[in-house]
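Here is a short report for a reader meeting this structure for the first time. Please look over the sequence and the model before reading on.

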Amino acid sequence: MSLQNIKRDYDVIIIGSGPAGFTSSMYLARAGYKVAVITGEIKGGEITNSLEVENFPAFPEAISGFDLMAKMEQQALKFKVTMINGIVKDVDFDDFFTKKIILENGEELIATAVVIATGSSPRRLGIPNEQQYIGRGISYCATCDGFFYKDKNVAIVGGGNTAIYEALYLSNMAKTVHIIHRNATFNRVENILIERLYTLSNVKIHTLSQLEELKTDNGTLTGVKIKQKVTGETETLDVDGLFVAIGQVPNTLFLRGKIYMDEAGNIIRNPDTSATNVEGVFACGDVAHKYRQLVVAAGYGAIAALDAEHYLRKLEAQIARQKQINS
Ligand code: NAP
């Protein structure tokens with residue numbers, strides 16, 4: 001038996017088409033492997049919603065997230081990566097040689113190795129009526145929906161880089177932008193962003209404040225009630241839009257019980273490599289690394305590709321050795 005004799009559709013299937021997935025696919029296909037990327041719901045991933053990426057190396061003039069990912073896809077296609085538009089519903093890693101990926105449309109694909117690069121999605125606030133008002137006042141993406149709030153009042157919940165980027169973006173079009181942050185300081189935010197934020201006259205910052213309640217009228221969001229955590233005072237901000245930017249949760253629900261994860265759903269990998277507890281399954285990008293940055297995801301995508309390549313070579317060598325012993 002050789003790896004060539006084992007029935008499989010691809011040497012490696014990469015689940016996810018963000019910077020980690022595309023980079024991984026490009027490396028593996030360039031190394032001569034038969035590779036497929038299962039794109040997920042949004043080809044290119046979450047970053048395609050960013051209008052301007054100004055910290056990815058080699059783009060001094062900045063580039064839109066959409067254009068950056070289109071370039072990454074183009075580069076992967078150049079090395080003959082197969083793009084499969086689909087969403088993974090389930091996986092079966094029980095058979096050592098044939099790892100099965102099951103898509104939502106029922107299609108089943110088999111590979112010798114798998115790279116998980118499914119990224120993360122915006123965390124929900126978990127307050128009453130949140131779900132109901134998504135798209136009717138509540139948004140998780142200022143660059144997608146900011147346009148609808150031209151000359152209106154909006155609020156952003158969160159105090160990380162994303163919240164501040166969104167505030168800077170919205171301040172160009174909205175009348176007033178309220179930032180509701182549960183902490184006293186913006187200790188997670190890059191200084192350059194804070195400096196820009198403090199130059200804006202239409203941004204109002206509410207620190208140590210918690211969003212308590214949505215105010216609505218006839219199915220429309222009209223405001224938010226916030227509570228100052230120290231004084232206990234409450235205030236209603238009249239806003240037409242609420243942007244939630246309170247971090248991300250890893251897209252790993254379909255992997256529950258199949259692979260080791262922590263309580264939050266982050267994949268636990270070998271600290272020095274991208275290897276998971278399942279042999280031949282590797283993880284990279286936001287699902288497996290705390291530094292959720294494009295360049296980090298791309299870098300770890302390359303590491304996962306090198307780890308997968310090493311695994312495939314070792315497997316091939318083991319099979320060849322076994323064949324020799326048997327003959
Ligand atoms: P983040 O850094 O995890 O920040 C999340 C923010 O939301 C924190 O301020 C947190 O408050 C707050 N928060 C969390 N749960 C909350 C809740 N239930 N209610 C109210 N507030 C809550 O997430 P992020 O801003 O999305 O950034 C994610 C990663 O992407 C980070 O590594 C960030 O640096 C990176 N990023 C980079 C750029 C860039 O271009 N450089 C742009 C965007 C994002 P506490 O501070 O109190 O915990």
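## Asn 153 and its contacts

In this predicted model, the side chain of Asn 153 makes a polar contact with the side chain of Thr 176. The distance is 3.2 Å. Asn 153 sits in strand β9. That strand covers residues 153-157.

Asn 153 has a relative accessible area of 19%. Buried means under 20%, so Asn 153 counts as buried. Which residues does Asn 153 touch, not counting residues up to four places away in sequence? They are Lys 175, Thr 176, Asp 238, Val 239, Asp 240 and Gly 241.

## The ligand and its shell

How many residues surround the ligand? The count is 17. The closest are Asn 161, Thr 162, Asn 183, Arg 188 and Glu 190. By class, the shell holds 10 polar residues, four charged ones and three nonpolar ones.

For Asn 161, a polar side-chain atom is 2.8 Å from a ligand oxygen. Gln 293 also places a polar side-chain atom by a ligand oxygen, at 3.1 Å. Arg 292 takes part through its backbone: a polar backbone atom there is 3.0 Å from an oxygen atom of the ligand. How much of the ligand does the protein bury? Taken alone, the ligand exposes 910 Å², and the protein buries 78% of that.

## The disulfide

The count comes to one disulfide. Which cysteines does the disulfide join? It links Cys 141 to Cys 144, with 2.1 Å from S to S. A pair of cysteine sulfur atoms within 2.5 Å is a disulfide, so this pair qualifies. The link of Cys 141 and Cys 144 is right-handed, with 75° about the S-S bond.

## Cysteines: buried or exposed?

Cys 141 has a relative accessible area of 11%. That is under 20%, so Cys 141 is buried. Its disulfide partner, Cys 144, has 35% relative accessibility. Exposed means over 50% and buried under 20%, so Cys 144 counts as partly exposed.

Cys 284 has a relative accessibility of 0%. Cys 284 therefore counts as buried.

Methods
Residues numbered from 1 in each chain as written. Predicted model: local features only at pLDDT ≥ 70, side-chain atom pairs only at ≥ 80, totals over all residues. Heavy atoms only, no water. Near = heavy atom within 4 Å. Polar contact = N/O pair within 3.5 Å; in protein donor to acceptor, adjacent residues only side chain to side chain. Areas by Shrake-Rupley, 256 points an atom, 1.4 Å probe, with all protein chains shown as cover. Nonpolar A, V, L, I, M, F, W, Y, C, P; charged D, E, K, R; others polar. Buried < 20%, exposed > 50% of the residue type's maximum accessible area, 1.4 Å probe, protein only. Helix = DSSP H or I, 4+ residues; strand = E, 2+ residues; numbered from the N terminus. Contact = heavy atoms within 4.5 Å.
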